[in-house]
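Here's a quick tour of how the inside of this protein is put together. Have the model open and follow along.

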Amino acid sequence: MSLGDHLEELRQRLIYSILVVSLFMVGTLYFGSEIHSFLIQPYKSVLGPDAHFFQIQLMAPFLIYLKTSFILSVLVSLPFLLYISWGFIAPAVDPRTEKWGKFIILFSTLLFWSGLALCWFTVFENFLRVFLVVLRPDGVDPYLPIDEYYDLFFNLHLVFGASFQLPIVLILLGRIGILSSRFLISRWREAVLIIAVVSAVLSPGPDVFSMLMLLVPLSFLFFLSAILMKVLEATDSK
């Protein structure tokens, strides 16, 4: 294929990606009110069913409506977007690498969604409770501006989703020869210490619970990565 053919192929795949996201956006915009009611459940669980938000900027609710629709559409369509992108790369790699590429796409998506689920079910509500209830001084209104709430919501969830990509990063570094399973296993103490520091920095609250909610799964994913790398190394040696 010539350079022009590659550019045309890239253009078509970008169009496909935009169409996929746009299709999901139609659904998320249509059910925008229901989605909003669902996403603010942690806020109402902490402050009560009568908790409300403040509107500081004139267009904040409208912009949040669009932002939420776009982010959720991208997250839901993530496996389709990765598959479309991989289709552009696959012709340039050997069949063995192509097979592993599809597995990595699926594994990466499941890990990302797992990070989002962990944040939703165990971390985010605890984070709100710490800062809106436990550490709030007397005489301070606990209610948040609507845009600040959604910024906190998406930032924390995306941090957890991105953190759960640790096995993908380690496995890819192993496949290109930078790391090995033996090195990871021999340096597991240093790795856990680094993960603990990162967890303390990224954890949403000052309490130990918040840090452990990130430290424990990331440590597990580190050892899982070492095991998967060892399996892959054994497969390559056959």
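Not counting residues up to four places away in sequence, which residues does Phe-153 touch? They are Leu-39, Trp-120 and Phe-124. Keep in mind that this is a predicted model.

**The core**

Phe-153 and Phe-124 turn up again in the largest nonpolar core, which has 50 residues. Both belong to the group that touches the most other members, along with Tyr-43, Leu-128, Tyr-149, Tyr-150 and Leu-184. The largest share comes from α6, with 12 residues. As a general point, nonpolar side chains in soluble globular proteins tend to be buried together.

**Two partners of α4**

Now pick out α4 and look at how it packs against α7 and against α5, which spans residues 78-89.

| Helix pair | Axes | Angle |
|---|---|---|
| α4 and α7 | within 10 Å | roughly 15° |
| α4 and α5 | 4 Å apart | about 60° |

Start with α7. Its axis and that of α4 cross at roughly 15°, and since angles under 35 degrees count as roughly parallel, α4 is therefore roughly parallel to α7. The crossing is left-handed. On the α4 side, the contact is made by Ala-60, Ile-64, Lys-67, Thr-68, Ile-71 and Leu-75. Facing them from α7 are Ile-146, Asp-147, Tyr-150, Asp-151, Phe-154 and Leu-158. By type, the residues of this contact split into 8 nonpolar, 1 polar and 3 charged. Tyr-150 is a name you have met already, as one of the core residues that touch the most other members.

How does α4 lie relative to α5: roughly parallel or oblique? With an angle of about 60° between them, α4 is oblique to α5. Val-74, Leu-75 and Val-76 of α4 make this contact with Leu-78, Pro-79, Phe-80 and Leu-81 of α5. Its residues come out as 7 nonpolar, with no polar and no charged ones. Leu-75 is listed in the contact with α7 and also in the contact with α5.

**A serine in α11**

Last stop: Ser-219, which sits in helix α11. Is it buried or exposed? Ser-219 has 12% relative accessibility, so it counts as buried, the cut-off being under 20%. Setting aside neighbours within four places in sequence, Ser-219 is in contact with Val-192 and Ile-195.

Technical notes. Residues are numbered from 1 along each chain as its sequence is written. This is a predicted model: local features need pLDDT of at least 70, side-chain atom pairs count only at pLDDT 80 or more; totals for chains, interfaces and linings use all residues. Side-chain values use heavy atoms; hydrogens and water are left out. A nonpolar core is a set of buried Ala, Val, Leu, Ile, Met, Phe, Trp, Tyr and Cys residues joined through side-chain atoms within 4.5 Å. Buried means under 20% relative accessible area, exposed over 50%, partly exposed in between (1.4 Å probe, protein chains only). Helices (H or I, at least four residues) and strands (E, at least two) are DSSP runs, numbered from the N terminus. Contact means heavy atoms within 4.5 Å. Axes are lines fitted to C-alpha atoms, for helices over the stretch in contact, and angles run from 0 to 180 degrees between N-to-C directions. Angles under 35 degrees count as roughly parallel, over 145 as roughly antiparallel, 65 to 115 as roughly perpendicular and the rest as oblique. A crossing is left-handed if the near helix is turned anticlockwise from the far one by less than a right angle, and right-handed if clockwise. Ala, Val, Leu, Ile, Met, Phe, Trp, Tyr, Cys and Pro count as nonpolar, Asp, Glu, Lys and Arg as charged, and the others, Gly among them, as polar.
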